[in-house]
Amino acid sequence: MSVLVNSIVMLGMLVVVPAGLRLTGAAELDRIRRLWPLFAVPGAVSLWLPRGTAATALALCYALGTALLALHAPHRLLRRSPSRSTAPAETALLTALVTPSVAALALVAERSGHTLFGFGLGILALTVPHFHFAGFAAALVAGLVCRVADSAAGRFAALSVPLGTLLVLIGYFIGDWAELAGAAVLTAGMWTVAVLTWRSVRTGQRDRITRTLLAVSSAVLAVTMVLALSWALGEATGIPHPSLTWMAATHGLGNALGFALCSVLAWQRLRDRTDPVESRTA
């Protein structure tokens, strides 16, 4: 399982996060995006080294990059006063800026071989991909969908995804039932993202590749979030549920490739098609 999890984490570090930062359209993030390989490459290398000083040092390099990214959140919050209609999308973006630092904290602890807040090394290892994809990618895409589908459903998605992510994190400390509540909120938000992507974003797109990528991301979310909810329900109630290994191979891999990667590729294609139009208009 470690090989699979490490590969998923590398995808998040090296591809999804920098591509996602470009999709924000925030000029103040351009510098950290250009410098991102300086932090992400050492972090990716640390995954494959034995736990110890070298792996910890490289993980700390990645943690520095995520900390610099997270520092943009309070700066952006203080500088901008979003309107009531844009506040949900802005909340989702701020969540995306912060969540990689949570993943990096877990990575540093796991690579050093130390438990963190009572969590074992196995849970810490799985926390790293979780906050890259259920944290960064999910919040980012929810915010992008909210911008396009300016409706009650879009605002619900942009708010429920960050809230669900936060509740899952709190559930780590409180207990399985709190984590189940977070999983339920996050699932509702992601299902809404899937429906809006299918109905509002995909519809009207003439480019076949973009339509296919958006369709795949929507369909994958419908399945993978059922798995997440069933696992959380099983943990809370004791009923039979998938193992962590099986979850990594299905829920984790599906969200990484089918949702996150397909989503950022699709949104990048949408951005590339609209940028020249905006430039000519300017």
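User: In this predicted model, how far apart are the closest N and O atoms of the salt bridge that Arg76 forms with Glu28?

Analyst: In general, side chains of opposite charge can pair when their charged atoms come close. Here the closest N and O atoms of Arg76 and Glu28 are 2.6 Å apart, and the pair links distant parts of the chain, since Arg76 sits in helix α4 while Glu28 belongs to the loop between α1 and α2, 48 residues apart.

User: Are Arg76 and Glu28 buried or partly exposed?

Analyst: Arg76 has a relative accessibility of 5% and therefore counts as buried, whereas Glu28, at 22%, counts as partly exposed.

User: Which parts of the chain does the salt bridge between Asp272 and Arg22 tie together?

Analyst: The side chains of Asp272 and Arg22 meet at 3.6 Å, N to O. Asp272 lies in helix α10 and Arg22 in helix α1, so the pair ties together parts that are 250 residues apart in sequence. Asp272 counts as partly exposed at 39% relative accessibility, and Arg22 counts as partly exposed at 32%.

User: Where do Arg33 and Asp30 lie?

Analyst: Both lie in helix α2, three residues apart, which is about one turn of the helix, and the closest N and O atoms of their salt bridge are 3.7 Å apart.

User: Turning to the largest pocket, which residues lie nearest its centre?

Analyst: Leu126, His130, Tyr172, Trp231 and His251 lie nearest the centre, among 34 lining residues. By class, that lining has 24 nonpolar, seven polar and three charged residues, and the pocket holds about 760 Å³ of space.

Definitions and conventions: Residues are numbered from 1 along each chain as its sequence is written. This is a predicted model: local features need pLDDT of at least 70, side-chain atom pairs count only at pLDDT 80 or more; totals for chains, interfaces and linings use all residues. Side-chain values use heavy atoms; hydrogens and water are left out. On a 1 Å grid over the protein atoms alone, a cavity is a set of points where a 1.4 Å probe fits but cannot get out, and a pocket is an open set with protein on both sides within 12 Å along at least five of seven lines; lining residues have an atom within 4 Å of a point. Grid points are joined across faces, edges and corners, and a volume is the space filled by probe spheres set on the points. Ala, Val, Leu, Ile, Met, Phe, Trp, Tyr, Cys and Pro count as nonpolar, Asp, Glu, Lys and Arg as charged, and the others, Gly among them, as polar. A salt bridge is a side-chain nitrogen of Lys or Arg within 4 Å of a carboxyl oxygen of Asp or Glu. Helices (H or I, at least four residues) and strands (E, at least two) are DSSP runs, numbered from the N terminus. Buried means under 20% relative accessible area, exposed over 50%, partly exposed in between (1.4 Å probe, protein chains only).
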